[in-house]
Amino acid sequence: MLDHKIDFSVIITATNANPNGDPLNGNRPRETFDGFGEISDVCIKRKIRNRLQDMGEKIFVQSDDRCDDGFDSLHTRVNNNEAIKAISKGKKTDRSEFAKAACAEWIDVRSFGQVFAFKGDEVSVGVRGPVSIQQAISVSPVDVVSMQITKSVNSEGGKEGKSSDTMGMKHRVSFGLYVVHGSINCQLAEKTGFSAEDAAKIKEALLTLFENDASSARPEGSMEVCRVYWWEHNSKTPKVSSAKIHRALNITLKEGVSVPRSFADYDVALNGSFDIQPEIIDLM
């Protein structure tokens, strides 16, 4: 069982890539109102789930294109789990036992939590997970480049010339250095059964976050994990808060650099004096 709190920070770069498209804005890379790049926590958790799945772990929230158990929905996956079926008794279902069985079965449930509420079911069950992850924000404003693209053929026959469906737009970030912070809470870990071994798997997933993640929007090598900071406290409720730990990581542009083009254009330092020092895993 996990007997100490963990905080972590991950530095990520995107080079000529779309780290996380916004479906409500033509799939342009997400930006804050101030022009800083953003990657949603949901996107980051999706990549962690994919990496855990590649490591052989059982995942509840699977992508359709990565489904490995033949179930086409979350509801079907729950209903076909033998341990949960034995517990489910309509309105008399023991919610605590239901949650315990789900956490034992799927690592993403005992890590991130899950709400089991489906149409037609008489009860709903909520699980709060110990692993919390913030959205990633770029250190500097990002420059979004848009490119018009075309297909060489029409999607449908019988048309002269190029039809309207041959035209499209593709968006990318020229360069962005993003930082994502997260924590692992011991009290919630006790409730879900999240262990120190599970924490080690989360760390491994963070180190290889963009493996098997290449796409047209994110070509192989365009997204990179540069460095991971992993703080392991000596107690369940340490004196130093997660906010102070995360603020200790200070990233600034090097003197004379106006437009950053790589990780090397930044100075990275740890400020503050704490009883613990992080494990720093440099992947550059």
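This is a predicted model: local features need pLDDT of at least 70, side-chain atom pairs count only at pLDDT 80 or more; totals for chains, interfaces and linings use all residues.
Start with Asn 27. Its relative accessible area is 41%, so Asn 27 is partly exposed. Asn 27 sits in the loop between strand E2 (21-22) and strand E3 (28-29). Its phi is near 65 degrees, a positive value in a residue other than glycine. Most residues other than glycine have a negative phi.

Next, Asn 16. Here too phi is positive, about 50 degrees, and the residue is not a glycine. Asn 16 lies in a strand, E1, residues 6-17. Its relative accessibility is 41%, so Asn 16 counts as partly exposed.

Now strand E4, residues 36-39. Which side chains are buried here? Gly 37 and Ile 39 are, and they point to one face. E4 pairs with strand E8, residues 136-141. The sense is antiparallel, over three bridges. Ile 39 stands opposite Ala 136 in E8.

On to charges. Side chains of opposite charge can pair when their charged atoms come close. How many salt bridges does the structure hold? It holds 17. I'll take some of them.

Arg 77 and Asp 69 form one, with the closest N and O atoms 2.7 Å apart. Is Arg 77 buried or exposed? Arg 77 has a relative accessible area of 4%, so it is buried. Asp 69, at 28%, is partly exposed.

Glu 97 and Lys 100 form another, at 3.6 Å, N to O. Both lie in helix H4, residues 95-105. They are three residues apart, about one turn of the helix. Glu 97 is partly exposed, at 34%. Lys 100, at 52%, is exposed.

Then Lys 236 with Glu 190. The closest N and O atoms are 2.3 Å apart. Lys 236 lies in the loop between strand E11 (223-232) and helix H8 (242-247), and Glu 190 lies in helix H6 (residues 186-192), so the pair ties together parts that are 46 residues apart in sequence. Both ends are partly exposed: Lys 236 at 36%, Glu 190 at 39%.

Last, a network. Salt bridges that share partners join Lys 47, Asp 213 and Arg 218.

Conventions
Residues are numbered from 1 along each chain as its sequence is written. Side-chain values use heavy atoms; hydrogens and water are left out. Buried means under 20% relative accessible area, exposed over 50%, partly exposed in between (1.4 Å probe, protein chains only). Helices (H or I, at least four residues) and strands (E, at least two) are DSSP runs, numbered from the N terminus. Two strands pair if DSSP finds at least two bridges between them. A salt bridge is a side-chain nitrogen of Lys or Arg within 4 Å of a carboxyl oxygen of Asp or Glu.
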